Amino acid sequence: TQDMLLQVNDKSLRLLDCKTEEELENFPLSTVHHCQTVMGQLQGYTSVLLLVCQDSEQSKPDIHFFNCDVEVEMVHADIESALSDTKHGKKMRPQTLKVNQEKIGRA
């Protein structure tokens, strides 16, 4: 396993090395086909994020599992809002980020 930071923006999901902040992976939002939380279903892991990504050149998708140190539901909501904004031209993400910041402030 490797500790990473997940950065969500309006174009992609980026995985960064925690120490150097070097980009390890970049998933354009157009390649992310599914995002899901998997809580309490995998022995030894409590907050898992599942991503299914596939670009046009791949015959089969890549499936990625991430064990989250932060509340996985907030990460999931952020990714889903970014995907929705990209696919449907909406601007849901600012509100999602505001709600997540309020949750963090209460914690």
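Leu 15 stands opposite Glu 25 in β3. The model is predicted, so local features need pLDDT of at least 70 and side-chain atom pairs count only at pLDDT 80 or more, while totals for chains, interfaces and linings use all residues. Residues are numbered from 1 along each chain as its sequence is written, and side-chain values use heavy atoms, with hydrogens and water left out.

**Overall make-up**

- The chain has two helices and six strands (DSSP runs numbered from the N terminus: helices are H or I with at least four residues, strands are E with at least two).
- From the N terminus on, the order of elements is β-β-β-β-β-β-α-α.
- The radius of gyration (taken over C-alpha atoms) is 14 Å, close to the 13 Å that the globule rule gives for 107 residues, so the chain is as compact as a globular protein of that length. That rule is 2.2 Å times the number of residues to the power 0.38.
- The C-alpha trace spans about 45 × 35 × 30 Å along its principal axes.

**The sheet**

- An open sheet is formed by three strands in the order β1-β2-β3, with antiparallel pairing (two strands pair if DSSP finds at least two bridges between them).
- β1 and β3 (23-28) are the edge strands, each pairing on one side only.
- From one strand to the next, the twist averages 15°.
- β1 and β2 run antiparallel and are joined by five bridges; Leu 5 stands opposite Leu 16 in β2.
- Three residues lie between β1 and β2 in the hairpin that they form.
- Strand β2 (residues 12-17) also pairs with β3 in the antiparallel sense, over five bridges.

**Helix on the sheet**

- α1 lies across β1 and β2 and runs at about 35° to β1. Axes are lines fitted to C-alpha atoms, for helices over the stretch in contact (heavy atoms within 4.5 Å), and angles run from 0 to 180 degrees between N-to-C directions.

**The largest pocket**

- The largest pocket has a volume of about 950 Å³. On a 1 Å grid over the protein atoms alone, a pocket is an open set of points where a 1.4 Å probe fits, with protein on both sides within 12 Å along at least five of seven lines. Its volume is the space filled by probe spheres set on the points, which are joined across faces, edges and corners.
- Of its 27 lining residues (those with an atom within 4 Å of a point), Met 4, Leu 6, Asn 67, Cys 68 and Asp 69 are the closest to the centre.
- β1 (4-8), β5 (45-53), β6 (62-67), α1 (72-88) and α2 (93-106) each supply at least two lining residues.
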